[in-house]
Each structure stands twice: as C-alpha cells, then as structure tokens.
Amino acid sequence: MKHLVAGPFGRIGGVFGQVVRLLALACALVLAGSITPARAADDAVTERLHVADPYLEMRTGPGRGYPVFFVVARHEWIEIELRFTDWFKVRTEGGKQGWVHRRQLETTLTEAGGQKTFRDILLDDYLTRRVQLGAAWGRFKSEPMLKLYTSYRFSDTLSAEATLGQVQGVFSGTDFWHVDVMAEPWSDRRLSPFFGIGVGRFKNFPNLSLVGATVTDAKLANATLGARYYLTDRFVLRVDYTLYTAFLSDSRSAEYKAFTAGLSFFF
C-alpha cells in the first residue's frame, strides 16, 4: 500500500485503486442490465394458455421498442416457449411466434380455467444470489472510513467475504484487509441479520511530521454484526458494527470499533 496523503480518503493506489475501478465497472454493467442473462420460461413449453382479453399483442422482440406484428384474438390458445425478464416468447395455434409482456399474459387462463400467475424473477435472483460486491462508508473509532467488500455464498446461510478498507485520520492513516466467514440464518428474508468472524492485516501510517513516527504493521482479528435489507432490483442496503483487534506485539493489542453503512449489488 502507498502512504496516505491529505484529502478525504487520501490518494488511493495499488491494489485498493484497482478494486475501486473494478467495482465501478461492475456497477456500470449492472445498471446497464448487461449481466442479466436470458431465462427459460418458468413453465413447461407445452403449457397452453387461453386468451381472455379482447386481444393480445405480439411483438417482434422482447421490448416495447419492437413493433407489434400480430394480434391474437379472444378465445384463441397460445403456448409459452421462452422467458426473458418480463417478456415471453409465445406461439399461436397457427404457428405465429412473437413476444408478449408478462402483464398481458397475467390476464390469460390456464387449461384448468384458472388465472395464469408468474414468479418474480428479481425475487428469485435475490433468493439464489451468490456473488455480492459493495462499498460502505462509516467511522473507525472517530475517524472516517471507506471499505469495499465482496462475498460468495457457499450455502443458504454461509458465505466467505473479503474486505479492503482505508481510514483517513488527522494524525495517521490506516490500511487494512480481512477475510471473514459469515453466517446469515435468515438469508431468504428481505431484512436479514448476519454475523461473522475473520482475520487479516492492519497497517497504520503516522504523519511524517510527528516525532518518532513509525509504521505499525500488525495481524488483525475481527467480529462483525449487521443486517442487510433488499431494496430493489439487484441492490441491497447493508449496515454493520465491527470490533477489530490489532495484535501489536506478543504482549500488546489494541481494539477499534467501527460502524459502516453502504450499498451492495448481487449477480
């Protein structure tokens, strides 16, 4: 890590800067929707639906920008072949193929005579999320702190998380990293508490103007308690409280308390 300099966060260099750039790129991809893959229909291809509205519009592609090229009349039957987000590729009895929005299909009837329903893809994605990337801002003791983190879920309740952080103090700056094992017992809920423990490394850089200033390089252990709240689309709000223990020598250690709040996205 490079020495911190004046400024809100100092000049972020080396590995920290690379992580920031990668995080910004990933955010752009998510916001652009470019990492959302096409999805197969929830239902079997052979399921038939009965058109109950006066008509059903079929478009040439999965989006409102595509023109309507065919209209299916009331009482006709269609079959679902493919799903892409909230657009469905359907086939008429006469062999016409086109795309219909979920809102229109929710007014159709199944062969049993019931109203057709669909699962929410975004909710399904949240329940099966694996990788998360995020950033958070807070206080490390009484000083401003920025951290970036990424996690991978191995199961519904357990995940591994890596964190890279930086603290810009008045008299010194601190870089740290740690890897944690996280437990999230109710990960299927919109509001989900979690806790974790981990180990890492801690480096403190005093201002060069201080007499006898020396860099502190120590092993780090931490315990975290927090909560996640699913906001919308792929974004999750997160708050956490962490107790850090830096082992300064064989006989001396120091404790630091940190609180952060931030935003993460999953894919």
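**Rings and charges**

Analyst: Arg-129 lies over the face of Tyr-126, 4.1 Å from the ring centre. For a charge to sit over a ring, NZ of Lys or CZ of Arg must be within 6 Å of the ring centre and within 35 degrees of the ring normal. This is a predicted model, where local features need pLDDT of at least 70, side-chain atom pairs count only at pLDDT 80 or more, and totals for chains, interfaces and linings use all residues. Residues are numbered from 1 along each chain as its sequence is written, and side-chain values use heavy atoms, leaving out hydrogens and water.

User: Which ring has the charged end of Arg-238 over it?
Analyst: That's Tyr-149, with the charged end 4.3 Å from the ring centre.

User: New topic: how many aromatic pairs are there in the whole structure?
Analyst: The search finds 10. Rings of Phe, Tyr and Trp (its six-membered ring) pair if their centres lie within 6.5 Å; planes under 30 degrees apart are stacked, over 60 edge-to-face, the rest tilted.

User: So what about Tyr-126 and Tyr-230?
Analyst: Their centres are 4.3 Å apart and their planes at 10°, so they're stacked. Both are buried (under 20% relative accessible area; 1.4 Å probe, protein chains only).

User: And why is the Phe-140 and Tyr-244 pair called tilted?
Analyst: Because their planes are at 40°, with centres 5.6 Å apart. Phe-140 is buried at 4% relative accessible area, and Tyr-244 is buried at 1%.

User: Which residues do ring pairs link into a cluster?
Analyst: Phe-140, Phe-176, Phe-202, Tyr-244 and Tyr-256.

Terms used: Buried means under 20% relative accessible area, exposed over 50%, partly exposed in between (1.4 Å probe, protein chains only).
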